[in-house]
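Open the model in your viewer and keep the selection tool at hand. This tour goes stop by stop.

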Amino acid sequence: MSIAERLVSIRQRIPHTTRLIAVSKNHPAEAILEAYSVGQRLFGENKAQELVQKAPLLPSDIEWHFIGHLQRNKVRAIIPFVSLIHSVDSLRLLEEIDAEARRAGKVVSCLLQFHIAEEESKFGLDEDEASALLQSSAYAGMKNVRIAGVMGMATLTDDMDRVRREFIHLKEIFDWLKLNFFADESVFRELSMGMTSDMDIAIEEGSTLIRIGTAIFGDR
Ligand SMILES: *Cc1c(COP(=O)(O)O)cnc(C)c1O
């Protein structure tokens, strides 16, 4: 199957309440253009350098999401291109994004990334850390970031009951944050969860943004 055919078949599995991010990391501009040619406008990259190299070569109506771990010294480079950063996992990173967004005259939308998986290696906040971040005076003073929801990655496992429990946990975190910190903010509405191996479960558990690479572009 071609990229275009795979995209079309995945779209048939997704309800209108979930948006599909085509994760184009490790794939060249030509592959992105093939997806673009069948209407895909939302793409995700996980490395700052790769995003900064590819984005200027591609149509300007592409909406780029940054989904990978973000180092503070890479924030300035990606700000001109990103419309949503999925991977905010510390106050210091959010402060850097706010400062660079101000410098660029932008307001940048961000998701708080939570650690929901069993593995030690996955990045992300826990509830206490998120609560401290959102109650900090530093956060209260930020004018150039807007928190639009949460993101998480489930454990890489064949145990789909575990994956489902982890997604349910992320949805609970989303609901708790919404109630306690964002009750009046309609922009707080995104639940970014689900990849190639677990997209159907993520959708069943309320995902609004699924991040799909392999099922669209193949292995790389
Ligand atoms: C690579 C990546 C994806 C997509 O993974 P696939 O299994 O290829 O669909 C999703 N989210 C993040 C954060 C990634 O790095």
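Which residue just after α2 takes a positive phi? Select glycine 39: its phi is about 95 degrees. The model is predicted, so local features need pLDDT of at least 70 and side-chain atom pairs 80 or more, while totals for chains, interfaces and linings use all residues. Numbering runs from 1 along each chain as its sequence is written, and side-chain values use heavy atoms, without hydrogens or water.

Now select helix α2, residues 29-37. Helices are DSSP runs of H or I, at least four residues, and strands are runs of E, at least two, numbered from the N terminus. Color Ala29, Ala31, Ile32, Ala35 and Tyr36: these are buried, meaning under 20% relative accessible area with a 1.4 Å probe, protein chains only. They cover an arc of only 160 degrees around the axis, which puts them on the same side of α2; the arc is taken from the directions from the helix axis to the C-beta atoms. On the other side, Glu30 and Ser37 are exposed, that is, over 50%.

Contact means heavy atoms within 4.5 Å.

Next, move to α8, residues 160-181. Its buried residues include Val163, Phe167, Leu170 and Phe174. The buried residues of α8 fall within an arc of 110 degrees, so they line one face of the helix. Turn to the face away from it: Asp161, Arg165 and Leu179 are exposed there. The cover over the buried residues of α8 includes β5 (108-114) and α6 (127-135).

Terms used: The expected span of a helix is 1.5 Å times one less than its number of residues.
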